[in-house]
Amino acid sequence: MTPVEEMVHRILVVEDNKDEAEFLKTFLNENKYTVEIAKDSGQAHVAFSMHLPDFVILDVILPNEVSGFEVCERMKKENPFIPVMMLTAIDMDDARLLASRVGADGYMTKPYDPEELLSQIHVIAEDVWKQRHLGTRPDTGEKVRFNCGECGKRLKVKASHRGRTLNCPRCGQPAVVPLHD
């Protein structure tokens, strides 16, 4: 078994469209995954907190004025090593960028090929597994800008350093690179 096959058993699907949620549940069940459905941010939060999933599939547009971006950011703050894939009808670069900023590990648009969805689950879960266990992160060329908490110096580092502790070049004190902008 690969690390992904050992790691991903329970998938939380956050989707307010009943037909889409049922299709995903049936399809993923047929592929040996246990699936829990949440139809809004409140149910997603409860399901994530009480029954920590191995993977999250999250729609961007949710009811009750809380977006999937906000849900993703909250989940990633709670546990950055649970893979989150946005699955949405929004096919815009700005949405993809925002998803990345809030910590989403993948982004896929509807309509989608179900086999490609399975493939992406494996790729994303393996990437997150490598980040957690091997300390590797994909280098997108992005830079993270933040201030040293001790002296206030403006620092700029590669996005692959997110979550790591570095020493400030001015004061020498440890500075944690933020996980999110």
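This is a predicted model: local features need pLDDT of at least 70, side-chain atom pairs count only at pLDDT 80 or more; totals for chains, interfaces and linings use all residues.
**View 1. The hairpin of strand 6 and strand 7.** Let's start with a pair of strands. Strand 6 covers residues 143-147 and strand 7 covers residues 154-158. The two run antiparallel and are paired over 5 bridges. If you pick out V144, its bridge partner in strand 7 is V157. Between the strands sit 6 residues. Look for G152 in this hairpin, where phi is positive, near 85°.

**View 2. V56 in strand 3.** Now zoom in on V56, which belongs to strand 3, residues 55-58. Is V56 buried or exposed? V56 has a relative accessible area of 0%, so it counts as buried. Leaving aside residues up to four places away in sequence, V56 touches L12, V14, F48, M75, I82, P83, V84 and M85.

**View 3. The largest cavity and its lining.** Searching the whole structure for cavities of 30 Å³ or more turns up 1. The volume of the largest cavity is about 40 Å³. Which residues line the largest cavity? They are A44, H45, F48, V71, R74, M75 and E78. Helix 3 (41-50) and helix 4 (68-78) are the elements that each give two or more residues to this lining. Helix 4 has the largest share, with 4 residues. By type, the lining splits into 4 nonpolar, 1 polar and 2 charged residues.

How values were computed
Residues are numbered from 1 along each chain as its sequence is written. Side-chain values use heavy atoms; hydrogens and water are left out. Two strands pair if DSSP finds at least two bridges between them. On a 1 Å grid over the protein atoms alone, a cavity is a set of points where a 1.4 Å probe fits but cannot get out, and a pocket is an open set with protein on both sides within 12 Å along at least five of seven lines; lining residues have an atom within 4 Å of a point. Grid points are joined across faces, edges and corners, and a volume is the space filled by probe spheres set on the points. Ala, Val, Leu, Ile, Met, Phe, Trp, Tyr, Cys and Pro count as nonpolar, Asp, Glu, Lys and Arg as charged, and the others, Gly among them, as polar. Buried means under 20% relative accessible area, exposed over 50%, partly exposed in between (1.4 Å probe, protein chains only). Contact means heavy atoms within 4.5 Å.
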